[in-house]
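Reader: I would like to learn how to read ring contacts and backbone details in a model of a protein. Could you take me through them step by step?

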Amino acid sequence: MSVKNEPTFRESVDLMFNRAVSLMDLPPGLEEKIRVCNATYTVRFGVRLRGHIQTFTGYRSVHSEHMEPVKGGIRYANSVNQDEVEALAALMTYKCALVEAPFGGSKGGLCIDPREYDEHELEQITRRFAYELAKRDLIHPSQNVPAPDMGTGEREMAWIADQYARMNTTDINAKACVTGKPLNAGGIAGRVEATGRGVQYALQEFFRDARDIEQAGMQGTLDGKTVVVQGLGNVGYHAAKFLSEEDGCKIVGVIERDGAITNDDGINIENLREWIIKHGGVKGYPDGSYTENGAAVLETECDILVPAAMEGVINLSNAERIKAPLIIEAANGPVTAGADEILRKKGTVIIPDMYANAGGVTVSYFEWVKNLSHIRFGRMQRRQEEARHQLVVDQLEELSKAMGNSWTLTPDFKQKYLRGAGELELVRSGLDDTMRIAYQSMRETWHEREDVQDLRTAAYLVSIGKVASSYRAKGL
Ligand code: NAD
């Protein structure tokens, strides 16, 4: 989505990059080396469907190879184009650096509306696309590792992994060629929820610091905050679900392709999701009011706005009217450079995409490590940990008996304490740690440098600094 007189998505990313770089002391040559996209491969391939050959156009862009493999999702949408893929690849470079996932940045896309094809057709198309990319090492466990993005999910990742394995029958690490796979095909527990979970952890960390809350002109904790979410897909659904079910937030608006549902008393996310799956949109959902002009609901009064659908939705045409004091960019690039400028002047706090939706790549990193180590996380330690905890509990209960049972351990404590961490608990713990540490690095820059007025600039400064050190270490 782009509005007249606004830069394209890639230009927007470059503008934001330039703003940050102007505050750094990088040699101009290195600055340019980091900014530019190393290569973009365009492929056109034919697949015989419904009796005739259809030609598809796909891209895989590699933004930076300061670390390898490079990493980034594959998007299926009619709107996919080179500019968008390159912008998203650049964001991946900065995102991976910020959360210390040891990857360079990449992104892929196929111009297709997946809803127009049945499962068998999609499998044929995906396998053919994967074949074209794998043939050129643009899918490879040690060079380029895709993941899901808009319009793709576990199913497509499983096809890609299988296609790569068929082409590389002796590669013992074949499963690590792509992440976001289903558990039974080498995936990891917690990957599907990861990006939404990361959005939740990001907001939790934001509300841990009084200075940040004050900067947004807010008060209190996450509990009771009103939230509007755009896009109830993978990222938006999980973020809204966790925020409402675990942190006490009230989801007062959900915007989807066909319009929006609002309800000041809060929307039950599970019920709405089921409705969307059954009816193909939000229209007709009984527990709230329906508005056909979904985008207008972005301008509703609420505490937190979560754009989780697509880029460019907050732009020069509506930025002035956005009322939420806090925006968390769950989608990539939802706020254009022009809108960012307006919102910053208004004092809106924006938790930027490169950090806010990094939960996906973080857990993808864990999945890749799991595939390379060929063992599930927690398999070696879990029972040993439980046995050691049991020893402590037994001793305490002995002691309690000796003291005449004057105190006891509650069953709830015992249950929680005795449970060793399985893969899901470890993944969530690793993700929480990553999101906290990355936020703290942005926060430090934001509050300690007078020339840094927003979290986006802080995020760029931290990540560009890390990419620059990698290049310097290579002698560039
Ligand atoms: P998805 O396809 O699962 O969901 C997108 C949702 O947005 C769908 O429900 C769709 O109906 C809705 N939507 C599309 N156009 C819309 C519009 N104009 N208005 C309102 N709703 C609209 O995709 P996703 O994986 O959740 O990705 C969403 C965003 O998050 C993208 O920007 C993507 O790049 C980013 N992201 C995703 C991941 C991931 O792990 N899936 C990781 C990082 C970033």
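Author: What follows goes through aromatic pairs, charges over rings and backbone details in turn. Please keep in mind that this is a predicted model.

Reader: How is a pair of aromatic rings described?

Author: Two quantities are used, namely the distance of the centres and the angle of the planes. In this structure the count comes to twelve aromatic pairs. One of them is formed by Y365 and F366, whose centres lie 5.9 Å apart with 40° between the planes, which makes the pair tilted.

Reader: Which class does the pair of F413 and Y417 fall into?

Author: The planes of F413 and Y417 stand at 10° and the ring centres are 5.3 Å apart, so this pair is stacked, given that planes under 30 degrees apart count as such. Both residues belong to helix α14, which covers residues 411-418, and they are four residues apart, about one turn of the helix. F413 has a relative accessible area of 38% and is partly exposed, and Y417 is partly exposed too, at 28%.

Reader: Which residues do ring pairs link into a cluster?

Author: The cluster consists of F45, F56, Y117 and F129, linked by ring pairs.

Reader: Turning to the backbone, which residues are joined by a cis peptide bond?

Author: That bond joins E68 and P69, and its omega is about 5°. P69 belongs to the loop that runs between β2 (52-64) and β3 (70-77).

Reader: What is the phi of R50, and what is that of E100?

Author: R50 is not a glycine, yet its phi is positive, at about 50°; E100, also not a glycine, has a positive phi of about 55°. R50 is located in the loop between β1 (39-49) and β2, and with a relative accessible area of 56% it is exposed. E100 is located in the loop between α3 (82-98) and β4 (104-111), and E100 counts as exposed because its relative accessibility is 53%, the cut-off being over 50%.

Definitions and conventions
Residues numbered from 1 in each chain as written. Predicted model: local features only at pLDDT ≥ 70, side-chain atom pairs only at ≥ 80, totals over all residues. Heavy atoms only, no water. Phe/Tyr/Trp six-rings, centres within 6.5 Å; stacked < 30°, edge-to-face > 60°. Helix = DSSP H or I, 4+ residues; strand = E, 2+ residues; numbered from the N terminus. Buried < 20%, exposed > 50% of the residue type's maximum accessible area, 1.4 Å probe, protein only.
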